[in-house]
Amino acid sequence: MKKWMQFLILMTSITSTSALLASGGIDGGGGNAMPPATNAKWKTECSGCHMLYHPGLLPERSWNKMMNGLDKHFGENATLDAATRDEIKRFLVANSAEKSTNRRSNRIDQSIPSDATPLRITETRYFTSKHDEVSPLTFKRKNIGSAANCIACHKNAEKGDFSESQIRIPR
Ligand code: HEC
Ligand code: HEC
């Protein structure tokens, strides 16, 4: 093969590999964020008391149950008018864990027994197994608060990005 041809082939393969990495096509070291999903009402109504939880973090049946019981939402009354509630519910369901192609979403879904409908991500077996090395005392630190405050340690949590390279536990 001519030298210039070898060079051309080499350059083409480098370019396509980095394009794949950038698009998240190859899971380079635990990357691959959940696909972007957004809805204006969800952003406004579900971020007042805590961070925004990406819809890919729970299965459809969990979102349905949660949205049908907002009057008793973890000890709070988070009731919405019916139209807003239904729009947010549709958005969450359409982007739920089992509808996603994301690896972490699929593992969360698979870790939940088929007869269970958890309302907490933090109670799924996937979550507890991934955090078994984080002590309960760490979660209680002043600038963390609880395990549910993902964004304290995963700065891109609201984008559904839980890449290992992005984890930083505040002191
Ligand atoms: C009035 C305040 C309030 C509003 C509004 C609210 N939440 Fe919550 N939410 C809470 C509280 C309090 C908890 C429990 C937090 C904890 O244990 O640290 C919670 C917990 C959660 C959890 C479980 C987190 C875990 O432990 O894994 C999810 C999921 C959730 N909320 C989703 C939503 C969605 C979706 C909406 C919008 C429809 C919403 N929340 C609106 C107060 C609220
Ligand atoms: C106190 C900091 C902290 C909080 C809060 C936290 N995490 Fe983590 N998380 C970690 C650490 C540390 C690891 C890495 C464990 C390892 O590398 O073995 C991890 C790992 C993960 C992973 C696996 C990454 C991978 O592929 O290996 C996911 C997904 C994840 N966390 C999601 C969440 C979600 C969702 C929440 C909130 C409901 C959350 N985390 C809250 C510290 C935290």
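This note covers the two ligand sites of a predicted model.

1. Basis. The model is predicted: local features need pLDDT of at least 70, side-chain atom pairs count only at pLDDT 80 or more, and totals for chains, interfaces and linings use all residues. Residues are numbered from 1 along each chain as written, chains are lettered from A and ligands numbered from 1 in written order, and side-chain values use heavy atoms, without hydrogens and water.

2. Iron of ligand 1. His-50 (NE2) and His-73 (NE2) coordinate the iron atom of ligand 1 at 2.0 Å. Donors here are N, O and S atoms within 2.8 Å of the metal (3.2 Å for Na, K and Ca); water is not among the atoms, so sites may look incomplete. The arrangement is octahedral because the six donor atoms subtend angles of 85 to 179 degrees. Six donors count as octahedral if opposite donors are over 155 degrees apart and all others between 65 and 115.

3. What the first pair links. His-50 and His-73 coordinate the iron atom of ligand 1. His-50 lies in the loop between helix H2 (40-45) and helix H3 (60-67), and His-73 in the loop between H3 and helix H4 (82-94), so the pair ties together parts that are 23 residues apart in sequence. Helices are DSSP runs (H or I, at least four residues), numbered from the N terminus.

4. Surroundings of ligand 1. Ligand 1 is surrounded by 18 residues, with Cys-46, Cys-49, His-50, His-73 and Arg-120 the closest. A residue is near if one of its heavy atoms lies within 4 Å. The shell has 11 nonpolar, four polar and three charged residues. H3 gives the most, three residues. The side chain of Ser-146 has an N or O atom 3.0 Å from an oxygen atom of ligand 1.

5. Iron of ligand 2. Its protein donors are His-131 (NE2) and His-154 (NE2), 1.9 to 2.0 Å away. His-131 lies in the loop between H6 and helix H7 (136-139) and His-154 in the segment after H7, so this pair ties together parts that are 23 residues apart in sequence.

6. Of 19 residues around ligand 2, Arg-104, His-131, Cys-150, Cys-153 and His-154 come nearest. By class, 12 are nonpolar, four polar and three charged. Helix H6 (residues 125-130) supplies the largest share, three residues.

7. Polar atoms at ligand 2. Arg-104 places a polar side-chain atom 2.8 Å from an oxygen atom of ligand 2. For Glu-164, a polar side-chain atom lies 3.4 Å from an oxygen atom of the ligand.

Key
A polar contact is a pair of N or O atoms within 3.5 Å; within protein, one must be able to donate a hydrogen and the other to accept it, and residues adjacent in sequence count only if both atoms are side-chain atoms. Helices (H or I, at least four residues) and strands (E, at least two) are DSSP runs, numbered from the N terminus. Ala, Val, Leu, Ile, Met, Phe, Trp, Tyr, Cys and Pro count as nonpolar, Asp, Glu, Lys and Arg as charged, and the others, Gly among them, as polar. Four donors count as tetrahedral if all angles lie between 85 and 135 degrees; four count as square planar and six as octahedral if opposite donors are over 155 degrees apart and all others between 65 and 115; anything else is irregular.
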